[in-house]
Amino acid sequence: MKPSRRMVLRLQILWVAVCLVLATSKLHADVIYLNDGNVLLVEKAWIDGDDVKYQTSRGVLSVPRSTVREIQAENLPPAPASSKRWSLESVVVESGTDPAKTTTSVPGGNAASNDSLIRLRQNLSTNPADPRAKTELIQTLNSVAWLHLTQGDLPAARTALEEAFNLNKRDPAIASNLAVVHLRMGNYRAAEDLLKAAIDNDRNNQEAHYLLGATYYGQEKIAQAIDEWTAGLRLGPHPEMSRSLDKAQKEARVHDQLGELLSTHFILRYDQKVSDQRLGQQILTTLEGLYGQLSNELTSRPPATIAVILYPNQTFFDITRAASWTGAMFDGKIRVPTKGLSNVTPELRSTLRHELTHAFISALPQDCPAWFNEGVAQLQEGQSAAT
């Protein structure tokens, strides 16, 4: 049974409150993220065998470890000891910084990190030729960027990484992390420029090939994405790149035949046999209007660029493998099956608003549960969430 619209709205308000607290304040607690989308704010959490135990005002409680997706410790510490680069999928760190340096760089959150940055900038200004002073500042900026990221502030993370990158444009980890942030913000061209330079410096940088392919894919440059992912896989196995390549190869057979229209925030591809350019332009105009509305209603940090694909009906289902009742979907791109439409109907506008809502929510740094994502999209679409 579906929840009532009033219940969905109350749950949305609760989740937004949790997201805002996590994004803007320093919690004196640990955070346990459960697989079902629920969040536990506790005094302290730790792993004990097959259980995750946590301290509360009622004593020590526990949940099965198998039900826990992630534990975030107090102060939202930077990358763990074995980490360096951040992955695109989870925006977590993947390979190698010194924990003694990263954890002491920002021990108390934003205030302490700002003090550290002031001191390290002064050290470098006094000794501009000192490589250690530059390295320490770069490492701290990377840690500060990670702190901003865990607090949900992508623009601040980008600013810190841009400062670090300007200090050493040949640092592959900083370039990769900055590209990941740009990708999460939908700034594909900025990410593309960074990653091309990284590959020019090191042709064997597999992660740079993977991320550059993702920038091309997000811009509907399918053939170039395939080339990058193929080159990356020659360097060794990479499961996510293999899955991305397989998906792109299926799309290429269709997308190469599609027309293309551009607007400020959208790349629209359409089948010229069943849709004309005038309809495509109407859809772009509608999407730009919805983009402005949702920017005011949902978040001031929407993705900078969104791809929208209009398919003939059967092609939509062949590409997406969606259920036969699916009216449209968002999987990083908005995909809509066309039905011989000649103009933007109220039904199509509602569908576009629904899927665009998913695109906006996916751009948030926090992982929002599926029920929240779909509930907001339904309310934005104007449909009742009641049974």
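Trainee: Why is V31 called buried in this predicted model?

Mentor: The relative accessible area of V31 is 2%. Buried means under 20%, so V31 counts as buried. V31 belongs to strand β1, residues 30–34. Its C-alpha atom is separated by 9.8 Å from that of Y54, 23 residues apart along the chain.

Trainee: Why does N142 count as buried?

Mentor: N142 has 10% relative accessibility. The cut-off is under 20%, and N142 is therefore buried. N142 is part of helix α4, residues 131–150.

Trainee: What makes the pair N142 and N177 a polar contact?

Mentor: The two side chains come to 3.1 Å. The limit for such a pair of N or O atoms is 3.5 Å, so the N142–N177 pair qualifies as a polar contact.

Trainee: How do you know that the reach of α7 is close to the expected one?

Mentor: Helix α7, residues 188–201, has 14 residues and reaches 20 Å from first C-alpha to last, and 20 Å is expected at 1.5 Å a residue. Its buried residues are Y188, A191, E192, L194, L195, A198 and I199. Their cover includes α5, α6, α8 and α9.

Trainee: Why are α11 and α13 called oblique to each other?

Mentor: Helix α11 (residues 277–297) and helix α13 (residues 346–362) pack at about 50°, with axes 10 Å apart. Roughly parallel needs an angle under 35 degrees, and roughly perpendicular 65 to 115. The pair is therefore oblique. The residues in contact include L287, L290 and L294 of α11 and L352, L356 and F360 of α13. The crossing is right-handed.

How values were computed: Residues numbered from 1 in each chain as written. Predicted model: local features only at pLDDT ≥ 70, side-chain atom pairs only at ≥ 80, totals over all residues. Heavy atoms only, no water. Helix = DSSP H or I, 4+ residues; strand = E, 2+ residues; numbered from the N terminus. Buried < 20%, exposed > 50% of the residue type's maximum accessible area, 1.4 Å probe, protein only. Expected span 1.5 Å × (residues − 1). Contact = heavy atoms within 4.5 Å. Polar contact = N/O pair within 3.5 Å; in protein donor to acceptor, adjacent residues only side chain to side chain. Axes fitted to C-alpha atoms, helices over the stretch in contact; angles between N-to-C directions. Parallel < 35°, antiparallel > 145°, perpendicular 65-115°, else oblique. Left-handed = near helix turned anticlockwise from the far one by under 90°.
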